[in-house]
Amino acid sequence: MAGAMGPKRQDTRKFFENLSGAGKSIAVLTSGGDAQGMNGAVRAVVRMGIYVGAKVYFIHEGYQGMVDGGDNIIEATWESVSSVLQVGGTVIGSARCKEFRTHEGRLKAAHNLVQRGITYLCVIGGDGSLTGANLFREEWSGLLNELIEQGLIDEDAARRNSKLHIVGMVGSIDNDFCGTDMTIGTDSALHRIIEVVDAIMTTAQSHQRTFVLEVMGRHCGYLALVSALACGADWVFIPEMPPEDGWEDNMCQKLSENRADRKRLNIIIVAEGAIDCHNKAITPDYIKDLVVSNLGFDTRVTILGHVQRGGTPSAFDRILASRMGVEAVLALLEASTDTPACVVSLVGNQAVRLPLMECVQMTQEVQKAMDEKKFDEAVRLRGRSFENNLSTYRLLSSQTARSELPNGEEEEAGDEEQYHSSFNVAVMNVGAPAAGMNAAVRSAVRVGITEGHRMFAVNDGFEGFYKGQIKEIKWGDVGGWTGQGGSLLGTKRTLPAKHLDKIAEQMRIHNISALLVIGGFEAYVGLLELSSARDQYAEFCVPMVMIPATVSNNIPGSDLSIGSDTALNAITDTCDRIKQSASGTKRRVFIIETMGGYCGYLATVGGLAAGADTVYIYEEPFDIRDLQANVEHLTQKMKTSIQRGLVLRNENSNENFTTDFIYQLYSEEGRGVFDCRKNILGHMQQGGAPSPFDRNFGTKVAAKAIQWISRTLKESYKEGRVFTNSEDTACLLGMRRRAMVFQPVVQLREETDFVHRIPKEQWWLKLRPLMKILAKYKTSYDVSDAGQLEHVTRVRPKESDASAGN
């Protein structure tokens with residue numbers, strides 16, 4: 001794999017070379033309902049297990065296979081999980097098993113495991129599957145004693161297998177498991193829903209129709225809520241938020257208002273478990289009949305059903321599953337006799353380990369709260385991510401501006417003067433287009449109007465700003481923007497430094513009191529330039545905030561940027577097709593060039609999601625010896641049953657080792673063993689409809705940014721005008737590990753390599769060893785950042801928006 005791991009530093013890092021799997025046997029099974037991404041998790045467990053020297057077994061057909069034994073439990077090889085990363089469902093099968101719920105069934109299962117010396121179990125499934133695994137673990141020593149009494153095993157076998165260690169991964173499209181932000185399969189299910197909604201919108205638009213869509217989620221409204229946010233639905237019904245009495249009239253009124261506001265279609269999303277406040281089911285047909293009888297609108301019902309479970313996993317689910325699979329093996333190897341059974345999961349951007357039963361209990365508490373009609377409590381128990389989605393949805397669905405509220409509801413501001421609530425706020429896009437920018441603009445405009453401001457749109461970035469391309473933008477102007485790719489406002493890379501006079505003049509003309517900039521590296525540099533010009537221009541002494549939006553994900557102060565998830569999915573989809581082509585022709589290696597400037601994020605994370613053999617990036621220098629070693633590695637691979645190769649190269653990884661050079665080198669060195677093809681992905685990585693993650697991330701961060709602007713305006717409004725020149729009023733809103741944080745751009749200067757337009761520290765470099773291990777390279781893997789066992793109650797810091805994107 002390209003490049004060494006860098007110079008050895010004297011620090012507290014802990015490497016997993018000390019964790020050996022020699023003499024240990026790990027089994028992996030998938031249970032309960034299938035979910036896209038399960039195969040990625042199985043692949044990661046198998047390869048990481050083999051890598052550390054353990055034996056790894058597949059248990060086919062879930063717990064049923066464990067009870068039946070025989071050919072259902074077979075040893076896995078490295079090659080046996082090849083080509084499964086891009087396959088939906090689970091290739092080792094899943095089944096609901098009544099027998100495992102009985103004591104006799106579990107006794108049979110224990111016998112089958114002991115016969116093979118399996119004492120490490122990795123279970124991928126929902127809360128029912130994980131609860132069953134925990135019970136099995138608690139009964140283990142009793143089951144062994146029974147097996148001895150029945151003469152099925154001897155004392156020696158019981159001693160060798162005295163402890164059963166269990167780690168769970170949650171595979172469920174409903175995202176209904178407490179303690180984790182995203183379960184494996186949820187993001188892919190959202191992709192299926194949004195694909196359908198986007199398609200339905202075009203036909204609904206043509207005929208001025210209302211569509212009622214039912215999505216999965218019997219007990220959890222996550223899919224319905226997030227897809228409603230991601231497509232700008234008119235109304236959503238979820239079990240956690242039953243509508244109050246009289247909702248029928250309210251909904252019909254909102255639908256007719258939207259039609260009157262030039263909107264040609266209505267979308268209503270219903271979770272299959274939706275209820276009213278009397279626990280009566282709300283069905284799509286009931287809603288349809290209501291709309292037809294009250295409004296006479298042409299209305300259709302679409303029930304998505306199992307489409308949501310199907311199809312190929314999204315890039316997010318592949319990365320989540322790969323990270324969790326490796327984390328699960330580490331957790332098993334580190335488990336001691338008194339370690340409780342745990343689940344590995346993701347909070348924000350960080351891997352965590354949580355006691356399995358604490359998560360299960362909390363998940364059950366949600367249902368209990370809902371049964372007792374304590375819906376606010378249920379939402380709180382669902383966790384920070386769910387709460388944030390719900391509050392953003394509520395914010396965007398209220399069309400009443402604060403300035404229009406009846407007297408007495410507006411905030412009082414002391415005796416001196418009434419707090420001035422209506423300000424002119426400008427929003428603009430800067431840099432290259434990124435999918436999700438329009439969702440962010442829509443959210444900013446609507447939340448701004450709700451907060452009582454007048455919103456102004458600046459076209460074509462700072463260039464349009466100094467030319468005066470500024471106009472007021474109203475609620476209806478941004479309808480339908482969520483699903484649009486690119487930048488509808490127009491965006492340019494122009495920086496403001498040479499045009500400060502004219503920009504200040506435009507701010508004066510339009511009385512702009514705050515600025516929201518959505519964009520990439522130029523937006524960040526532009527904001528730095530404006531904030532450092534505050535001494536000369538009082539016009540820039542207003543609250544300014546930037547939201548990172550760039551496919552390259554190269555902005556300091558944020559782990560993720562709007563647009564990078566859509567670009568990753570474009571890369572992953574293309575790589576899947578290319579791999580298929582390479583498999584058909586055999587002995588073929590593809591060299592693929594990705595975007596990103598000097599930032600290797602797209603190449604590295606895309607490589608992890610696509611199952612690449614090698615990834616070349618600027619951040620990890622490589623030389624001719626590394627290239628030679630990579631060719632040799634592929635030559636060895638061609639001797640196995642996997643006769644294809646995938647090599648990714650970031651566009652600026654090395655000025656001399658160009659894509660052409662690498663292609664020619666591989667062609668020459670691989671002559672007679674494999675042939676090569678090259679592919680430059682180019683601007684297709686920037687285009688296309690935004691992924692659900694980018695729509696949602698854009699919507700939520702923009703809403704948060706506008707709320708910050710409102711607070712800051714209130715604090716800086718004195719003597720009839722807004723004035724603020726403190727560092728903390730020119731900020732970047734970014735996602736850092738588990739939290740969304742506002743950081744002064746001046747303070748981020750130190751963290752930036754301006755020559756190469758990248759942050760000096762990049763979290764995703766920790767994923768590179770993971771990618772190398774899964775491609776069968778020997779490497780050093782720093783596990784000091786691996787998940788530590790935490791408790792569910794304190795997983796989320798108070799002010800975190802853990803899963804900002806979903």
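This is a predicted model: local features need pLDDT of at least 70, side-chain atom pairs count only at pLDDT 80 or more; totals for chains, interfaces and linings use all residues.
Ser-653 sits in the loop between strand S20 (644-650) and helix H21 (659-669). Its relative accessibility is 6%. Ser-653 therefore counts as buried, since the cut-off is under 20%. Beyond its neighbours within four places in sequence, Ser-653 is in contact with Tyr-616, Ile-617, Tyr-618 and Phe-622.

Gly-563 also lies in a loop, between strand S17 (544-548) and helix H18 (564-585). This glycine is buried, with a relative accessible area of 1%. Residues up to four places away in sequence aside, Gly-563 touches Ala-434, Ala-435, Thr-550, Val-551 and Asp-694. Gln-686 is 123 residues from Gly-563 along the chain, yet their C-alpha atoms are separated by 7.7 Å.

The nonpolar cores were examined next. The largest holds 188 residues. Within this core, Met-169, Ile-269 and Leu-516 touch the most other members. Helix H10 (residues 315-334) supplies the largest share, 13 residues. Another core, of 50 residues, lies apart from the largest one. Its members include Met-66, Val-123, Phe-177 and Val-360.

Leu-516 was then followed in detail. Neighbours within four places in sequence were left aside.

Definitions and conventions: Residues are numbered from 1 along each chain as its sequence is written. Side-chain values use heavy atoms; hydrogens and water are left out. A nonpolar core is a set of buried Ala, Val, Leu, Ile, Met, Phe, Trp, Tyr and Cys residues joined through side-chain atoms within 4.5 Å. Buried means under 20% relative accessible area, exposed over 50%, partly exposed in between (1.4 Å probe, protein chains only). Helices (H or I, at least four residues) and strands (E, at least two) are DSSP runs, numbered from the N terminus. Contact means heavy atoms within 4.5 Å.
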